Amino acid sequence: VDCAFTLVAAWLTFFMHAGFAMLESGSIRYQSMPGILSKNLLAACTGFISWWLVGQVLSSATHPGTVTFVGQDADRILQPSNCNWFLDATFSTMAATIASGAV
């Protein structure tokens with residue numbers, strides 16, 4: 001139940017990207033709309049990759065000397081018991097989307 005709820009919350013957070021894309025594209029001219037939509041798609045894609053490369057290992061380090069970089073700890077991410085990875089990644093990419101939309 002906890003994993004299912006976490007994944008539903010993550011998907012709802014992920015679909016906020018579409019809402020922000022529509023909000024941003026509705027507040028600009030028609031000529032600039034493809035650039036804004038591409039920016040939001042690129043922010044989501046690069047956000048997930050950068051979370052996998054750097055953010056996840058920094059946030060899940062339990063001891064100060066155990067931090068590994070660049071996805072070296074990928075076997076821990078792929079375990080079915082780790083449901084929070086997708087939720088954490090969606091929140092980090094959503095923060096990037098909100099910050100870039102405010103500019």
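Two residues are in contact when heavy atoms of theirs lie within 4.5 Å. With that definition in hand, I can begin with the chain as a whole. Among its contacts between residues at least 6 apart in sequence, 62% join residues at least 24 apart.

Please note that this is a predicted model, in which local features need pLDDT of at least 70 and side-chain atom pairs count only at pLDDT 80 or more, while totals for chains, interfaces and linings use all residues. Residues are numbered from 1 along each chain as its sequence is written, and side-chain values use heavy atoms, with hydrogens and water left out.

Let me turn to the secondary structure. The protein chain has five helices and zero strands, so that the order from the N terminus reads α-α-α-α-α. Helices here are DSSP runs of H or I with at least four residues, strands are runs of E with at least two, and the numbering starts from the N terminus.

Next comes burial. A residue is called buried under 20% relative accessible area, exposed over 50%, and partly exposed in between, using a 1.4 Å probe and protein chains only. Of the 103 residues of the protein chain, 27% count as buried.

Which residues of H2 are buried? They are His17, Ala21, Glu24 and Ser25. These residues cover an arc of only 95 degrees around the axis, which puts them on the same side of H2; the arc is that of the directions from the helix axis to the C-beta atoms. On the face turned away from the buried side, H2 carries the exposed residues Met22, Leu23 and Gly26. What do the buried residues of H2 pack against? Their partners are helix H1 (2-14), helix H3 (33-59) and helix H5 (84-101).

Ser25 counts as buried, at 10% relative accessibility. Leaving aside residues up to four places away in sequence, Ser25 touches Met33, Ile36 and Leu37. Between Ser25 and Leu37 there are 12 residues of separation in sequence and 7.1 Å in space, C-alpha to C-alpha.

We come to the packing of helix pairs. Axes are lines fitted to C-alpha atoms, for helices over the stretch in contact, and angles run from 0 to 180 degrees between N-to-C directions. Angles under 35 degrees count as roughly parallel, over 145 as roughly antiparallel, 65 to 115 as roughly perpendicular, and the rest as oblique.

The pair H2 and H5 packs at an angle of about 5 degrees, with the axes 10 Å apart. That makes H2 roughly parallel to H5. In this contact, Met16, His17, Phe20 and Glu24 of H2 meet Thr90, Thr93, Met94, Thr97, Ile98 and Gly101 of H5. By class, the residues of the contact of H2 with H5 divide into four nonpolar, five polar and one charged. In this classification, Ala, Val, Leu, Ile, Met, Phe, Trp, Tyr, Cys and Pro count as nonpolar, Asp, Glu, Lys and Arg as charged, and the others, Gly among them, as polar.

Thr97 of helix H5 deserves a separate word. Is Thr97 buried or exposed? Thr97 is buried, with a relative accessible area of 0%. Not counting residues up to four places away in sequence, Thr97 touches His17, Phe20, Glu24, Asn40 and Ala43.

Another residue of H5 is Ala95. Ala95 is partly exposed, its relative accessible area being 45%. The C-alpha atoms of Ala95 and Gly47 are separated by 9.4 Å, and these residues stand 48 residues apart along the chain.

Finally, consider H1 and H5. Their axes come within 9 Å and cross at roughly 20 degrees, and H1 and H5 are therefore roughly parallel to each other. The contact involves Thr6, Ala9, Ala10, Trp11, Thr13 and Phe14 of H1, together with Asn84, Phe86, Leu87, Thr90, Phe91 and Met94 of H5. The contact of H1 with H5 has eight nonpolar, four polar and no charged residues.

Within H1 we find Ala9, which counts as partly exposed at 24% relative accessibility. How far apart in space are Ala9 and Leu87? Their C-alpha atoms are 7.2 Å apart, while the two residues are 78 residues apart in sequence.
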